[in-house]
Amino acid sequence: MILQGIDLTKYFPVTRGSIKALDGVSVQVAEGETLGIVGESGSGKTTLARLFLLLERPTSGSLLFDGKATRDFGRDDLARYRRSVQAVFQDPFSSLNPRMRVGDIVAEPLPRANGGAATRERVGEVLQMVGLQRESTSLYPHEFSGGQRQRIAIARALVTMPKFIFLDEPVSALDVSIRAQILNLLKRLQETLGLAYVMISHDLGAARYLATRLAVMYAGKLVETGACDAVYRQPLHPYTQALLSAALPLHPSARRQRIILTGEVPNPMNPPAGCRFHPRCPRVMPQCRSEEPEWKEVEPGRFTACHLY
């Protein structure tokens with residue numbers, strides 16, 4: 001495994017307690033695969049991404065890179081991690097510095113000692129990889145469309161020859177007509193370069209297109225993981241069933257019964273006892289209100305935390 005999170009927990013202290021943003025989450029990503037992470041706002045997706053990008057430290061649990069815990073990293077380990085793990089963010093209009101030329105933006109992750117002809121050659125190479133002209137290096141971000149700006153952001157992520165890229169809602173800010181182009185580009189780059197992705201998305205269609213495995217989160221917990229097609233075809237957890245029932249079907253003639261959930265995602269300062277989904281679950285049972293469900297493998301490669309199984 002390239003990246004592995006083991007029992008990751010993140011609490012943010014506040015005046016009257018703590019926000020339980022992430023609570024005992026374990027995920028792993030292998031070379032060449034895409035892990036899609038989906039769930040409502042407040043489910044813990046972004047916090048998990050910040051832990052993987054080392055922008056936050058876990059309250060407890062371990063993050064491993066190539067089998068070594070990040071808490072044991074020395075300076076050289078950290079530098080290698082920064083080169084190997086990159087990110088593409090949601091909004092290409094705010095993730096690029098408007099005062100920098102494209103060549104400098106793309107070269108920014110490279111060590112300053114690597115300047116000169118070698119850097120210019122590498123920048124031109126990755127710009128071509130993402131479908132832009134080498135001559136783009138002299139231009140500014142405002143001279144490009146939204147889709148082209150996202151290509152620049154992808155080029156910046158590729159310039160260090162990473163193993164792993166975090167995709168934080170990579171197409172949600174783009175026009176519908178451009179989204180498929182960017183998703184196809186990401187898939188082609190993955191096949192060519194052997195990249196691993198973690199894709200955080202509210203767009204269930206985009207997640208299904210790109211992801212090989214899916215992780216569904218709710219209120220700081222994982223509720224289900226499995227092969228993407230299997231989860232979409234037959235979701236196990238009632239929350240996953242409700243979430244996917246709201247997604248557009250793959251074919252216009254397909255019919256899917258919509259599951260309407262009442263209530264809101266629970267307060268992360270005071271999550272409910274037992275299963276955190278029980279106040280909204282259409283299939284709630286008495287033990288759901290007091291006993292936390294065990295995380296278990298229901299069938300080969302399919303895991304869920306639900307008293308139904």
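How do the residues of the lining of the second largest cavity divide into nonpolar, polar and charged? They split into five nonpolar, two polar and two charged. Here Ala, Val, Leu, Ile, Met, Phe, Trp, Tyr, Cys and Pro count as nonpolar, Asp, Glu, Lys and Arg as charged, and the others, Gly among them, as polar.

Before we go on, a word on the model. It is predicted, with local features needing pLDDT of at least 70 and side-chain atom pairs counting only at pLDDT 80 or more, while totals for chains, interfaces and linings use all residues. Residues are numbered from 1 along each chain as its sequence is written, and side-chain values use heavy atoms, leaving out hydrogens and water.

Let us stay with the cavities. A cavity is a set of points, on a 1 Å grid over the protein atoms alone, where a 1.4 Å probe fits but cannot get out, and its lining residues have an atom within 4 Å of a point. Grid points are joined across faces, edges and corners, and the volume is the space filled by probe spheres set on the points. Searching the whole structure turns up two cavities of 30 Å³ or more. The largest cavity holds about 80 Å³ of space. Its lining has 14 residues, and Cys275, Cys281, Cys288, Cys306 and His307 lie nearest its centre. That lining divides into 10 nonpolar residues, three polar and one charged.

Six of the eight residues in H1 are buried, meaning under 20% relative accessible area with a 1.4 Å probe and protein chains only, whereas exposed means over 50% and partly exposed lies in between. The buried ones are Lys45, Thr47, Leu48, Ala49, Leu51 and Phe52. After H1 comes Leu54, with a positive phi near 60°.

Phe52 also belongs to a cluster, joined with Phe164 and Phe166 by ring pairs. Rings of Phe, Tyr and Trp (its six-membered ring) pair if their centres lie within 6.5 Å; planes under 30 degrees apart count as stacked, over 60 as edge-to-face and the rest as tilted. Phe164 and Phe166 are also among the contacts of Gln86, along with Leu53 and Arg156, leaving aside neighbours within four places in sequence; contact means heavy atoms within 4.5 Å. Gln86 lies in strand S6, residues 85–88, and counts as buried because its relative accessibility is 12%.

By the ring rule, the count comes to eight aromatic pairs. One of them joins Tyr218 and Phe277 edge-to-face, 5.1 Å centre to centre with 80° between the planes. This pair links distant parts of the chain, 59 residues apart: Tyr218 is in strand S9, and Phe277 is in the loop between helix H9 and strand S11. Phe277 also pairs edge-to-face with Tyr239, at 5.4 Å centre to centre and 70° between the planes. Tyr239 sits in helix H9, 38 residues from Phe277, and both Tyr239 and Phe277 are buried.

Conventions
1 Å grid on protein atoms, 1.4 Å probe; cavity = no way out; pocket = protein on both sides within 12 Å on 5 of 7 lines; lining within 4 Å. Helix = DSSP H or I, 4+ residues; strand = E, 2+ residues; numbered from the N terminus.
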